Amino acid sequence: MKQILDAILAGDSAAVGALDVPDHYRGITVHADDADMFEGLETKEKDPRKSLHLDDVPTPELGPGEALVAVMASAINYNTVWTSIFEPVSTFSFLKRYGKLSPLTARHDLPYHVVGSDLAGVVLRTGPGVNAWKPGDEVVAHCLSVELESPDGHNDTMMDSEQRIWGFETNFGGLAEIALVKSNQLMPKPAHLTWEEAASPGLVNSTAYRQLVSPNGANMKQGDVVLIWGASGGLGSYATQFALNGGAIPVCVVSSPEKAEICRAMGAELIIDRSAEGYKFWKDPSTQDPKEWKRLGARIRELTGGDDPDIVFEHPGRETFGASVFVARKGGVIVTCASTSGYMHEYDNRYLWMNLKRIVGSHFANYREAWEANRLIAKGMVHPTVSRVYALEETAQAAYDVHHNLHQGKVGVLTLAPEEGLGVRDPELRAKHQDAINRFRNR
């Protein structure tokens, strides 16, 4: 690994292809033997620092249509938190199911799971049938893994019957020194960004693009009022940028004055601090409070000059979903993913059915959507939202912080990169957008 890293740091990425690929590498794992370790505990009591390990693991065999990537940096997503606390199910059930598909996928069914669904790095090797990428290419990866042997995925690859999220439903993820990906996960690394900045947008940026911008999601248009929950967070911060870029009117819901200030720094003007205003959508664990829905709706109309949201960008799930359905305008759309506060949603169907509203489920993005989202990053039209960066050895703490919402934007992880700030190839474009790139830093 040292020879590979030295070549990359020297700016001689092309030399990487002539170097040997190590037999082993360091990666962040969960262990199958630990799957029951949190049994009986409430979700927030489950501690990723107890279940995430830094292990030395064998380098997987490279198959057709695949690439091995030397990972310079990665990032924490909520799916890593789910993996670490074995909720809603242990990811080893995903690996076992995938392992039954073919002799090649059997590689993924192991007693350990190398996690992580983001990366920025350099291609080490490509398998048979890969023509678009070569060793030495500087890349980022999106997390859609598909087989495309069924007709279902050939209109929208997210509909493939064997669609999976890499590093969550497959093994050999990005929180490691080496990752195994399919070649159609690869995209060019934005040249003006550091490794840790380039690694951070992948999952959340692509997810927000499909959910909000794509015709497969809300199909946002100019002038739409968009209610964005968690607007300064990993997912919401990109939704806020897309709304502003697309001529929409974001109404940003946050939980602190600090998070409100971040939204203002992005250019948003209409902000609801739900903690300061004391919204409590549940009277108790089984009873929602429609009066609070109405209070939220009145507050939104006060901010917008009388308009209800055309689009509600939903990802908290159970805690907020009833309110989201209520406040959407007649004929509006509630587009939903993630459900980080719980996936058993409850809402009053009268407000959906009688007002002709729609609920649209949205899950990650297809390759084209991910490519377009990455292109906007590369052109400096959308910016990374890294607030803090951890060393690989500190990944468990990083996951803990995300689990307890102690972060802003995205949390990065240095894997091979020895320090922050490396990997910039276009300093002129970077200088143009320096303030926007750094607006989440040290928040």
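Which residues line the second largest cavity?

## The second largest cavity

They are Val140, Met187, Pro190, Ala198, Pro201, Gly202, Asn205, Ser206, Ala373, Asn374 and Ile377. This is a predicted model, in which local features need pLDDT of at least 70 and side-chain atom pairs count only at pLDDT 80 or more, while totals for chains, interfaces and linings use all residues. Residues are numbered from 1 along each chain as its sequence is written, and side-chain values use heavy atoms, with hydrogens and water left out.

About 60 Å³ of space lies in this second largest cavity. Helices here are DSSP runs of H or I with at least four residues, strands are runs of E with at least two, and the numbering starts at the N terminus. By class, the lining has 7 nonpolar, 4 polar and no charged residues. (Ala, Val, Leu, Ile, Met, Phe, Trp, Tyr, Cys and Pro count as nonpolar, Asp, Glu, Lys and Arg as charged, and the others, Gly among them, as polar.)

Rolling a probe the size of a water molecule over the atoms shows where empty space is left. On a 1 Å grid over the protein atoms alone, a cavity is a set of points where a 1.4 Å probe fits but cannot get out; a pocket is an open set with protein on both sides within 12 Å along at least five of seven lines, and lining residues have an atom within 4 Å of a point. Points are joined across faces, edges and corners, and a volume is the space filled by probe spheres set on them.

The structure holds 2 cavities of 30 Å³ or more. The largest has about 70 Å³ of space, and its lining includes Glu66, Tyr98, His108, Trp166 and Lys182. Strand β9 (residues 178-182) gives the most to that lining, with 3 residues. Sorted by class, the lining comes to 4 nonpolar, 5 polar and 2 charged residues.

Then there's the second largest pocket, with a volume of about 160 Å³. It is lined by 14 residues, and Pro64, Glu66, Leu104, Glu147 and Lys182 are the closest to its centre. Its lining splits into 5 nonpolar, 4 polar and 5 charged residues.

## How α6 packs on α7

Back to α6: its axis and that of helix α7 (residues 236-245) come within 9 Å and cross at roughly 50°. Axes are lines fitted to C-alpha atoms, for helices over the stretch in contact, and angles run from 0 to 180 degrees between N-to-C directions. That makes α6 oblique to α7 (under 35 degrees is roughly parallel, over 145 roughly antiparallel, 65 to 115 roughly perpendicular, and the rest oblique).

On the α6 side, the contact (heavy atoms within 4.5 Å) is made by Val204, Asn205, Ala208, Tyr209, Leu212 and Val213, and on the α7 side by Tyr238, Ala239, Phe242 and Ala243. Those residues divide into 9 nonpolar, 1 polar and no charged.

Helix α3 (residues 78-85) and helix α13 (residues 395-403) have axes that come within 9 Å and cross at roughly 105°, so α3 and α13 are roughly perpendicular to each other. Here Tyr78, Val81 and Ile85 of α3 meet Ala399, Val402 and His403 of α13. This contact has 5 nonpolar, 1 polar and no charged residues.

The loop between α3 and α4 (92-99) contains proline 88, and the peptide bond from glutamate 87 to proline 88 is cis, with omega near -10°. Phenylalanine 86 lies in that loop too, and has a positive phi of about 60° although it is not a glycine.
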